[in-house]
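Q: I would like a close look at one part of this model, with the surrounding context set out first. Please give the cut-offs behind each term as you go.

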Amino acid sequence: MPRTRNDILQGTLALLVLKCLDARGRMHGYAITSHIQRVSAELLRVEEGSLYPALHRMEQDGWVRASWGTTEKNRQARFYELTPAGQRQLAAEQESWGRLTEGVRRVLRYA
Amino acid sequence: MSWIRRVTNVFRPERLSRDIQREMDFHLEERTDDLVAAGASPESARREAVRRLGHSTTQRERARDMDIAAALDAFVSDVRYAFRALSRTPGYTIVAVLSLALGIGANTAIFSVVDAVMLRSLPVRNPEQLARILLGGADALTNPMWEQLRDAQSAFGQALAFGQHGFSVTTAGESRPLDGDWVSGDYFRVLGVGAAVGRAIDRADDWRGCPAIAMLSYAYWQSDFGGRPDVIGRSLVLDSHPFQVVGVAAEGFDGVEVGAPSRVFVPLCAEAVSRGKGSSLDRRSTWWLTLIARPAAGTTLAQLNARLATLSPRVLAAAAPQSLTAARQKEFLAMQFKAEPAPTGTSSVRTHYGHALYVLLGAVGLVLLIACVNVANLLLARAAAREHELAIRSALGAGRSRLVRQLLTESAVLAALGALLGLVLARLTTSALAALLASIGRRVTLVVHLDGRILAFTLGITLLTGLLFGLAPAWRSALVNPRASLTSNPRQMSGGQSRFTAAKLLVAAQVALLLPLLVGAGLMMATLRNLTRLDPGFQADGVVLMAVDAQHAQTLAKSRRASAYEDILARIRALPGVSSASASDITPIGTSSWNDFVAVDGYSPRSLDDSLANFNEISSDYFGTIRTRVLLGRDFSPGDRLGAPPAVIVNEALVRKFFRGQNPIGRVLRVGETTASAPPMQVVGVVEDAKYGSLRDPAPPTAYIALAQDSAADTGFNFEIRTTGGVNGIRAAALAAVHQVNSSLDVSFSSFEDQVSRSLGVERLLARLSTIFGALALGLAMIGLYGVMSYNVVRRRGEIGIRLALGASRAGVRRLVMRDVARVVLLGLAIGFVAVLYASRALKSAVYGLAPNDPVTIAVAIVALVSVAAIAGYLPARRASRGDPMLALRQE
């Protein structure tokens, strides 16, 4: 079930993580941070301290599914992938983000 | 299904922590690798990786913050926070906790008595199946009826009978009273009660001519035999006859009658052993047995009643009293047995106190509501004072539910503290309450203790009260608009502009709840006063009652009893300090009564009951001793002897009813079930109406016959002794006088005044307790009013300062505040008044000598309430008017 959160930062982080998983499929936490950083051209840097709590919360909300796997470097890592509930949540968050930016854009332009 | 995962997280915190740790480790390794690849040294890369991730323990804890253990943690911290917040304002907390403790304690205490008397099921197998068998509404039946029903019980199920009896038990030459039951052979089997030691009485023990055996109650076995198993086979001397003890009943079982625990159980057939020729086993008009049925499985009450109805004609025909006239015989045979559910046993205590107990439960319920309102008000005031704090927390992102939860936790902590203290209060008062019940009126032994049921009740009302007083303020606080609260100076906010704030409405509600309580207390006090001040038609003060029992005086023949009583009377009259004395079968306002049918020429009764009159058998000077005036004719004289024409004295009520108010002197009255053949009695005197069995009931038509003309006086007789020294002044001399006549007569003394006063037990109980609860509620409500007004005055200090600075007089300021008080109290009174008009109907049967909506009582209650409210309101008003306006203004 999609949710809206008051906390913009947290909500945004969830949106970014969901989008990454949607675009790239199965990823571990470290890959998510690096991917966000790279795709945003270093503009966004994920606060590493809040990533894992956010991932666990999303797992508990049923948006992502986690399982242990092996990386190319043969290390044990926890991989996350999107669930159908996560798909829906992503759509909802994308829409509310769109509304927010549109609102802010309009204010900046016409206010 | 995220909650499932949260729940499972609780059960595997270890694994969860390990998982998180491993994930963190992986992250650190990856980050370190990247930093090294970018040219950092391995050590500094590691340090930087750790710094970026943050402390690993906090990480783990933050990740775990979503499981239930953490929610519990949050609750614990809420509770801790609540305790801190409450201890910061000790005055507020003490008032709140004490209010709740008094309310909850009073409710628990009254409920525990209600539970013991009214609600608790008997400790027997499937008590809900038990049904009591009545005949024409009468709850006592005869043994011939029981034997008929017993032999026909296969038609409806199983049945048992028991008769209560005050045994006298003799140990080491000393006799003491011992409550017990005559029980039918199936008693224990039908109830499903076994024996703790030995065996239970069974069917094989109950046959005519059976040997004398007895079973003890567990409590009696413990208290008087130390729980020793060798009591089995021993002999117990009951009513001067040895009974062999065969067993001890299961623990907790005290018989079926609640309020009068049975200590000993004896087979019904053994009644003949104890009473000999006086046995009631074959008497068709001695009504002494209670019948309980356990219908066959699957039989409904309606089916049971249908079967009893079919059985009734046959049973009644076989058990009809022989002496009935044809008309009465027909009426008797037309009656039907009826069953009514009796899962909680039988109880005369219940009949006498039931209504009073529910009235009291209602009263303490009101007290608790008033206490709740008080706490709600205090919470509201606090919440208002904390509006600023809550607004900040809300602005910082605390969710509404989070704030409500915090405030509700505070309420819960308050309620819990109140409940704990309330339980202590209840524990201290229940035994006193049971003792109060026992000391007034009938002999009552109640097992009142705080068990699981009572605790469940307390927990229930505590939760309810916590929600009641906590929810409204919590919700209101959560609705706080952070911007409005933050932008304004908290001191400038003055809620006083609105005429009725939530707090004032709550105080009005308290007043509305209080008025019915005060009116109720007033009605109970007025009732008690009316009953104690009425003229009962006799003067009880200064009279000692001496009861003489000839049951164990085997040598005293029935025909010689009357002369023995006259002999005793003559000796008593000769004692120093005795101004007059008399003897009577029945004493007014006592526990026994006697009625019989009378026939008077010219009076045709509408029904059988319409020809009933009450009776008493008296010696000469009975009226002189208890000071009942003889209005016409004469008292009994020495001439009224056996052999002389039977004389009768009647009261005014009898003259009004049977003689149509005409002078009855010299006219004839016939007495008995077969009045046609009864000897005519000549009316020789008329006395004023005197109360007979109860002060409440008007004096019934009463006929007095002469003791000296009775050839078979009762085994128990009473003597009225008018003396100045009281019971103790006369006891020894009177006892000696009795024993000079016959040394085996049992004698007991009491004060006539006490006997009359004891009959007002329920009234006294209601008057005392409702006054206590009324005062309690008044105090609580006034604390509420005072608190709200004081708080209002503080909030309006600025406004009042300006008014004073602009030239308002101090009296004007006082009027301003008092007007507020008046508005609140008036609103409450208006609602309360309507409530009184409706609720007082419940007291209709409890009041005496005034209507339940007695205007004087209501007016007095209103005046009392208003004057106390005026004081509670005046104190803050005076404080408001005394303030220095400059001081108040500078603080803004």
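What percentage of the 111 residues of chain A count as buried? And in the largest nonpolar core, which residues touch the most other members?

A: This is a predicted model, in which local features need pLDDT of at least 70 and side-chain atom pairs count only at pLDDT 80 or more, while totals for chains, interfaces and linings use all residues. Residues are numbered from 1 along each chain as its sequence is written, and chains are lettered from A and ligands numbered from 1 in the order in which they are written.

In chain A, 29% of the 111 residues count as buried, where buried means that 20 or more other C-beta atoms, placed from the backbone, lie within 10 Å of the residue's own. Chain A has four helices and three strands, arranged along the sequence as α-β-α-α-β-β-α; helices (H or I, at least four residues) and strands (E, at least two) are DSSP runs numbered from the N terminus. For chain B, 41% of the 892 residues are buried, and its secondary structure comes to 28 helices and 21 strands.

Turning to the core itself, a nonpolar core is a set of buried Ala, Val, Leu, Ile, Met, Phe, Trp, Tyr and Cys residues joined through C-beta atoms within 7 Å. The largest one has 107 residues, of which B:V367, B:I370, B:V375, B:V511, B:L514, B:L515 and B:A777 touch the most other members. Helix α13 of chain B, residues 348-385, gives the most to this core, with 22 residues. The core also draws at least three residues from each of domain 2 (72-120 + 348-490) and domain 4 (505-536 + 756-892) of chain B, with bounds that come from an automatic or database domain assignment.

Leaving aside residues up to four places away in sequence, B:L514 touches B:I370, B:A777, B:L778, B:A781, B:G832 and B:L865, a contact being a pair of C-beta atoms, placed from the backbone, within 7 Å.

Helix packing can be described in chain B too. The axes of α18 (residues 502-533) and α24 (residues 761-795) of chain B come within 8 Å and cross at roughly 155°; axes are lines fitted to C-alpha atoms, for helices over the stretch in contact, and angles run from 0 to 180 degrees between N-to-C directions. α18(B) is therefore roughly antiparallel to α24(B), a label for angles over 145 degrees. α18(B) passes α24(B) in a left-handed crossing, meaning that the near helix is turned anticlockwise from the far one by less than a right angle.

Technical notes:
Buried ≥ 20, exposed ≤ 12 C-beta atoms within 10 Å, placed from the backbone. Contact = placed C-beta atoms within 7 Å. Parallel < 35°, antiparallel > 145°, perpendicular 65-115°, else oblique.
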